[in-house]
Amino acid sequence: MDLQQAKNTILCLLRQVSSDSLPAVIHWIKNSEEIEDLATSNSDIILRNIADDLRSCLPIEAMASSENKTKQSIQELQQPTLHVDAFLYDEETIDSLCDEGKMSRNYCLSCGSRKTAPLEFLSHSFSLAELKFLFHHALPDLTGKTLVDVGSRLGAVLYAGYIYSSASRLYGVEMNAEFCDLQEKTISKYHFGDRIQIYHSDVCSQKSLLQDADVVVLNNVFEYFLDKTEQTKAWMFLKETLRKSGCLLVTVPSLQESLQKLQMNIQLDQWVEEIKLNQDVFLGPDTDVQSLSDIHLYHVL
């Protein structure tokens, strides 16, 4: 049964439900754990188990003790912002932590009062829903292809690429030794070593790796980790290195936004072309269309 046939069948059944019962049936469809279980695969369960493992190794903000530059950058943002790793903490987990008083969605506008405003949340990892969107809907079949995740951090993209795709090689490039260690332990525990490899390295020293890549992932990759001079240098390196025709770039935020903040004069239309993505997909109850719209895909000309 294809999608259109499924829709017609469901609508036919709903038309047979009495008008008094229809609201309750629709509510059940939207909120039932039974329906949610149908959309949960064994692959999703493995990734959630990995997230559970990593949560036990990190503080709630999921930042390494050595990430002083990143912590300072977040503190200096105009809007009070909390770093919450989207791979480790879904909405249900965040709600539970808020109920326990371990996390808050709001900050106080006037100390000691009830005058509050919502915190901004910042993540340097994709959520499970975003990873499913990336590998099931945004990217083409990766059979025989090589993917490089620049700033692989906890390794979420690599684990999802291993489970959700047939990519032959998945490389993570990460400057932080603590995160490299966590990735290596996860790779060993889940036996991912036949296709995943981690480089403890600055991306600017990995020219040949990038030149051979078929897909390069850049998720909030430089802004909070490097000063503006270093960011400019890194983007110029990527522009000069990623010249393989047809190579795909996955970015958050868009290339335009990242380069505009640095006032860089890179002619994007002479380097890449953006591929329009369809965010109208259902990835489970935690699907956040806004977060999906932040994901951009380009191919190198």
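1. Let me start with Ser201, which sits in the loop between β7 and α10 (207-211). Keep in mind throughout that this is a predicted model. Is Ser201 buried or exposed? With a relative accessibility of 13%, Ser201 falls under the 20% cut-off and therefore counts as buried. Leaving aside residues up to four places away in sequence, Ser201 is in contact with Val173, Glu174, Met175 and Gln206. Ala177 is 24 residues away from Ser201 along the chain, and the C-alpha atoms of the two are 9.0 Å apart.

2. Now the sheet that β7 belongs to. Seven strands make up an open sheet with mixed pairing, in the order β7-β6-β5-β8-β9-β11-β10. The edges are β7 (196-200) and β10 (272-275); each has a single partner strand, so one side of each has no neighbour in the sheet. From one strand to the next, the twist averages 20 degrees.

3. Val173 is the residue standing opposite Tyr199 of β7. Val173 also turns up among the residues that Ser201 touches, if you want a way to link this point to the opening one.

4. Further into the strand order, have a look at β8 (215-219). How many of the residues of β8 are buried? Five of five, so the strand is mostly covered. In a regular strand, side chains alternate between the two faces of the sheet. Here Val215, Val217 and Asn219 point one way, while Val216 and Leu218 point the other way, and all are buried.

5. With β5, the pairing is parallel and uses four bridges, and Leu218 in β8 is the bridge partner of Val150. With β9, the pairing is again parallel, over five bridges; there Val216 has Leu249 of β9 as its bridge partner.

6. Helix α8 (residues 156-164) packs on it and touches β5 (146-150), β6, β7 and β8, with a direction at about 175 degrees to that of β6. Helix α9 (residues 177-189) lies across β6 and β7, and runs at about 165 degrees to β7.

7. Helix α8 also packs against other helices. Which residues join it to α7? Helix α7 (residues 128-138) has its axis within 10 Å of that of α8, and the two cross at roughly 50 degrees. The crossing is right-handed. From α7, the contact uses Leu128, Leu131, Lys132, Phe135 and His136; from α8, it uses Ala156, Val157, Ala160, Gly161 and Tyr164. By class, that comes to seven nonpolar, two polar and one charged.

8. The α4 packing has another geometry. Helix α4 (residues 42-55) and α8 have axes 10 Å apart and an angle of about 160 degrees. The angle is over 145, which means that α4 is roughly antiparallel to α8. This crossing is right-handed too. Ser43, Asp44, Ile46, Leu47, Ile50 and Leu54 of α4 meet Tyr159, Ala160, Ile163 and Tyr164 of α8. The contact has eight nonpolar residues, one polar and one charged. Ala160 and Tyr164 are listed in the contact with α7 and in the contact with α4.

9. Finally, some backbone spots to check by eye. Most residues other than glycine have a negative phi, and most peptide bonds are trans. Where is the cis peptide bond? It runs from Val252 to Pro253, with omega near -5 degrees, and Pro253 lies in the loop between β9 (248-252) and α12 (255-261).

10. Arg153 has a positive phi, near 55 degrees, and is found in the loop between β5 and α8. At a relative accessible area of 3%, Arg153 is buried. Asn220 also has a positive phi, near 45 degrees. The loop that holds Asn220 is the one between β8 and α11 (228-241), and Asn220 is buried with a relative accessible area of 13%.

Definitions and conventions:
Residues numbered from 1 in each chain as written. Predicted model: local features only at pLDDT ≥ 70, side-chain atom pairs only at ≥ 80, totals over all residues. Heavy atoms only, no water. Pairing = 2+ DSSP bridges. Axes fitted to C-alpha atoms, helices over the stretch in contact; angles between N-to-C directions. Contact = heavy atoms within 4.5 Å. Left-handed = near helix turned anticlockwise from the far one by under 90°. Nonpolar A, V, L, I, M, F, W, Y, C, P; charged D, E, K, R; others polar. Parallel < 35°, antiparallel > 145°, perpendicular 65-115°, else oblique. Buried < 20%, exposed > 50% of the residue type's maximum accessible area, 1.4 Å probe, protein only.
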